[in-house]
Amino acid sequence: MSSFVIEGGHRMRGEITPQGAKNEALEVICATLLTSEKMEIRNVPDILDVANLIRLLADMGVKVEHVAKGAYTFQADAIDLNYLETDDFLRRAGSLRGSVMMTGPLLARFGRAVLPNVGGDKIGRRRLDTHILGFRKLGAEMIYHTARRTGELRAEKLRGTYMLLDEASLTGTANILMAAVMAEGVTTIYNAACEPYIQQLSAMLIRMGAKISGVGSNLLTVEGVGSLRGTTHTVLPDMIEVGSFIGMAAMTGSDLRIKNVNYDQLGIIPDAFRRLGIQMTQEGDDIHVPTHEAYEIETFMDGSIMTIADAPWPGLTPDLLSVILVVATQARGSVLIHQKMFESRLFFVDKLIDMGAQIILCDPHRATVIGLGHRFRLRGGKMTSPDIRAGIALLIAAMSADGTSRMDNIEQIDRGYQHIDQRLNALGACITRVD
């Protein structure tokens with residue numbers, strides 16, 4: 001187990017480029033199972049979750065080649081389906097939530113898949129009902145093996161149908177979409193997630209020969225095809241990293257230019273940080289965050305306390321609420337953070353309270369932050385990263401605090417942020433990785 005030792009109070013200056021989007025990378029890498037032809041994926045982030053998925057595919061029989069920095073080729077022309085029954089597959093796939101998105105492609109192409117009891121971040125209940133109900137509507141049958149806690153899905157032939165998803169699940173939409181592209185007939189998916197990740201996956205599938213309409217909306221229509229071909233795909237910059245760097249720059253009083261952010265795909269993320277009083281400018285496809293000596297949270301037009309809440313796209317992604325909450329602790333003014341989509345994501349605030357933050361945890365979904373500016377700076381402390389997003393938020397808090405902090409369980413951060421200590425140290429931060 002590794003830890004970070006963070007010396008707070010260092011300002012950063014310079015340029016930083018976001019990695020490829022983790023969520024998109026996991027989707028499109030799983031989609032390589034849909035064809036026997038060679039696929040090339042570029043701008044793949046060098047993070048633990050993605051590396052684990054690539055190794056899992058290789059052990060299934062996918063030919064994987066690392067052809068350049070951030071670029072891989074995949075050819076799934078000799079898949080060993082028996083590997084899905086092994087304890088090794090169940091253990092490794094079960095520890096990686098992204099592996100659930102192999103189910104749709106395997107079911108579509110081979111008529112068989114195994115759904116392990118997947119893990120991931122401890123951020124609350126993340127059920128798979130949407131995935132399973134979608135597969136069933138397409139004609140798949142599932143047998144649950146209680147002893148092994150796995151689901152076995154089988155279908156002689158998937159058939160298109162109409163379905164109304166019970167929630168606009170990102171991974172559920174991706175999984176069902178990948179199954180539907182090779183189903184017989186037409187599939188209509190209503191209440192589909194429409195994040196840029198789904199739009200990117202759809203665009204790649206269309207280049208592979210899929211017939212999908214309604215991309216970018218919550219109503220997808222898929223006309224099934226018999227086979228798909230290979231293609232090349234480039235992953236978008238990670239919008240969660242972009243938002244993290246905006247908040248990090250403001251809270252540490254740094255001057256940062258965030259390069260090549262694909263600004264048009266960021267949705268309301270920049271505006272959410274502007275509500276905290278953070279100033280930034282768009283310069284081409286870059287975002288420049290100047291040094292902030294102070295920033296003040298806006299109120300609503302009637303003067304009431306600002307509320308910032310997550311919502312399915314095009315609402316604010318829940319992955320950034322932890323960062324927004326931390327950044328608000330050093331603002332002037334108050335804000336209610338409402339985490340609607342997960343019930344355990346705000347439980348890290350006790351660490352911030354220990355550091356001197358003024359926060360009232362109202363219930364598992366809501367926290368009120370009373371920002372006192374820099375009159376009462378956070379103080380360094382000992383903490384543990386509970387999940388990827390809370391981990392990066394606590395890292396930002398430690399970077400802005402007086403004194404030195406130690407953060408354990410940083411493997412959680414490594415799952416989502418590429419060499420974050422090295423990248424930030426190059427800009428002037430002081431983060432030491434220790435075993």
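## Exposure and the model

A residue is called buried under 20% relative accessible area, exposed over 50%, and partly exposed in between. Arg154 has a relative accessible area of 41%, so Arg154 is partly exposed. The structure described here is a predicted model.

## Salt bridges

The count of salt bridges comes to 25. In one of them, the side chain of Arg154 meets that of Glu152, at 2.7 Å from N to O. The two partners can be set side by side: Arg154 is partly exposed at 41%, whereas Glu152 is buried, with a relative accessible area of 13%. Another salt bridge is formed by Asp363 and Arg366, with the closest N and O atoms 2.8 Å apart. Asp363 is partly exposed, with a relative accessible area of 24%, and Arg366 is partly exposed as well, at 33%.

Asp402 and Arg377 also meet through their side chains in a salt bridge, at 2.9 Å from N to O. This pair links distant parts of the chain, the two residues being 25 residues apart. Asp402 lies in the loop between α12 and β22 (404–408), and Arg377 in the loop between β20 (366–372) and β21 (382–384). Asp402 has a relative accessible area of 43% and therefore counts as partly exposed; Arg377, with 34%, is partly exposed too. Elsewhere, salt bridges with shared partners join Asp59, Asp88, Arg91 and Arg92 into one network.

## The sheet with β1 and β22

An open sheet with mixed pairing is formed by four strands, in the order β21-β22-β1-β23. The edges are held by β21 and β23 (431–434); each has a single partner strand, so one side of each is left without a neighbour in the sheet. On average, neighbouring strands of this sheet are turned by 20 degrees against each other, direction ignored.

Within the sheet, strand β1 (residues 3–7) pairs with β22 in the antiparallel sense, over five bridges. Phe4 has Met407 as its bridge partner in β22. Phe4 is also touched by Asp421, whose other contacts are Ile431 and Arg433, leaving out residues up to four places away in sequence. Asp421 belongs to helix α14 (residues 420–425). Its relative accessibility is 6%, which means that Asp421 counts as buried.

## The sheet with β14 and β16

A further open sheet of four strands has mixed pairing and the order β2-β14-β16-β15. Its edge strands are β2 (13–16) and β15 (281–283), each of which pairs on one side only. From one strand to the next, the twist averages 20 degrees.

Strand β14 (residues 255–258) and strand β16 (residues 286–289) are joined by three bridges and pair in the antiparallel sense. Ile258 stands opposite Ile287 in β16.

## Strand β12 and its partners

Strands of a sheet pair through backbone hydrogen bonds, either parallel or antiparallel. Strand β12 runs antiparallel to strand β10 (residues 186–190), and five bridges join them. Strand β11 (residues 211–213) is joined to β12 by three bridges, and this pair also runs antiparallel. Glu223 in β12 stands opposite Val186 and opposite Lys211.

β11 and β12 form a hairpin, with five residues between the two strands. In the turn, Gly214 has a positive phi of about 85 degrees.

In soluble globular proteins, nonpolar side chains tend to be buried together. The largest nonpolar core of this model has 151 residues, and Leu205 and Leu424 touch the most other members. Helix α12 (residues 388–400) supplies the largest share of this core, ten residues.

Which residues does Leu205 touch, not counting residues up to four places away in sequence? The contacts of Leu205 are Ala31, Leu34, Leu177, Met178, Val181, Ala210, Ile212 and Leu228.

Key
Residues are numbered from 1 along each chain as its sequence is written. This is a predicted model: local features need pLDDT of at least 70, side-chain atom pairs count only at pLDDT 80 or more; totals for chains, interfaces and linings use all residues. Side-chain values use heavy atoms; hydrogens and water are left out. Two strands pair if DSSP finds at least two bridges between them. Axes are lines fitted to C-alpha atoms, for helices over the stretch in contact, and angles run from 0 to 180 degrees between N-to-C directions. A nonpolar core is a set of buried Ala, Val, Leu, Ile, Met, Phe, Trp, Tyr and Cys residues joined through side-chain atoms within 4.5 Å. Buried means under 20% relative accessible area, exposed over 50%, partly exposed in between (1.4 Å probe, protein chains only). Contact means heavy atoms within 4.5 Å. A salt bridge is a side-chain nitrogen of Lys or Arg within 4 Å of a carboxyl oxygen of Asp or Glu.
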